[in-house]
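Hi there,

Here is the structure I promised to pass on, with some notes below on what turned up. Please have a look at it before you read on.

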Amino acid sequence: MSSVNIGVLISGGGSNLQAVIDDINAGVINGKIQVVISNKKDAYGLVRAKNHGIDAIYVDKRKFENNNDFNREIIKILEEKNVDLVILAGYLKILSEEFVKKYQSRIINIHPSLIPSFCGMGYYGRKVHEKVLEYGVKITGATVHFVDEGADTGSIILQEAVIVDDNETVDTLQKKVLEIEHKILPKAVQLYCDDKLEIKGRKVHVRN
Ligand code: GRF
């Protein structure tokens, strides 16, 4: 199978982006990141991209009249770069319906909890871990899923759990979960690029 052209959308530090870059460079993922796009000018992920010779573009939402036009600009960039697979790696904006339709079953997101717990509108970043600790669950984790029109509702590709210890803080939990994210996001991208993922309704089967 030929190498998959990847576009990565970020809003922050980009440690998940880095994990994907590392596995591409190690020859584990049969893909190439053609562009990294951020809605935040100072996102460190843009620096990570540039350090690896990857095109890094900041798109300022304020320059667009509405969310659809902002999304159209991102689509335009992805099309120019012939992107087949879009990875949301800590991207904090909701994609437009048009975007999701255009890249149906070709958008992957990483979420720092075990979906369907602690997900959906308002559950992002540290907030997720705060809510996990507040609720008192004993297990949390991370989920990689395809993106559909809802918030964190698409078919699940991979999940992995971590134990919530008694003395856990938001910081320690975030660190623990990030370690898992850095494993399962690149793994899911690898499986996608090797054409090993088969979507059957809500279920994603991994072919041998
Ligand atoms: C991760 O926890 C990811 O699951 C969430 O935002 C965080 C991004 O971290 N959506 P990074 O920018 O990849 O370091």
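Let me start with glutamate 168: at 12% relative accessibility it counts as buried, where buried means under 20% relative accessible area, exposed over 50% and partly exposed in between, with a 1.4 Å probe and protein chains only. Before I go further, this is a predicted model, in which local features need pLDDT of at least 70, side-chain atom pairs count only at pLDDT 80 or more, and totals for chains, interfaces and linings use all residues. Residues are numbered from 1 along each chain as its sequence is written, and side-chain values use heavy atoms, with hydrogens and water left out.

Back to glutamate 168, which sits in the loop between strand 7 (156-163) and helix 6 (170-193). Helices (H or I, at least four residues) and strands (E, at least two) are DSSP runs, numbered from the N terminus. The side chain of glutamate 168 makes a polar contact of 2.7 Å with the side chain of threonine 172, and another of 2.7 Å with that of lysine 176. A polar contact is a pair of N or O atoms within 3.5 Å; within protein, one must be able to donate a hydrogen and the other to accept it, and residues adjacent in sequence count only if both atoms are side-chain atoms. Setting aside neighbours within four places in sequence, glutamate 168 is in contact (heavy atoms within 4.5 Å) with Leu133, Ile163, Leu173 and Lys176.

Next, the rings. There are 3 aromatic pairs in the structure; rings of Phe, Tyr and Trp (its six-membered ring) pair if their centres lie within 6.5 Å, and planes under 30 degrees apart count as stacked, over 60 as edge-to-face and the rest as tilted. Phenylalanine 99 and tyrosine 103 form a tilted pair, because their ring centres are 5.5 Å apart and their planes at 45°. Phenylalanine 99 is buried at 0% relative accessibility, and tyrosine 103 is buried at 2%. Phenylalanine 118 and tyrosine 135 pair edge-to-face, 6.0 Å centre to centre with 80° between the planes. Phenylalanine 118 lies in the loop between strand 5 (107-111) and helix 5 (126-135) and tyrosine 135 in helix 5, so this pair ties together parts 17 residues apart in sequence. Phenylalanine 118 is buried, with a relative accessible area of 15%, whereas tyrosine 135 is exposed, at 66%.

Some backbone details may interest you too. A cis peptide bond, with omega about 15°, joins isoleucine 115 and proline 116; proline 116 is in the loop between strand 5 and helix 5. Serine 105 is a residue other than glycine with a positive phi, near 60°, and aspartate 195 is another, with phi near 55°. Most residues other than glycine have a negative phi, and most peptide bonds are trans. Serine 105 is partly exposed at 33% relative accessibility, and aspartate 195 is partly exposed at 43%.

Aspartate 195 lies in the loop between helix 6 and strand 8 (197-200). Its C-alpha atom is 9.9 Å from that of valine 4, although the two are 191 residues apart along the chain. Valine 4 belongs to strand 1 (residues 4-10) and is buried, with a relative accessible area of 4%. Beyond its neighbours within four places in sequence, valine 4 is in contact with residues including Asn30, Asp84 and Tyr192.

Best wishes
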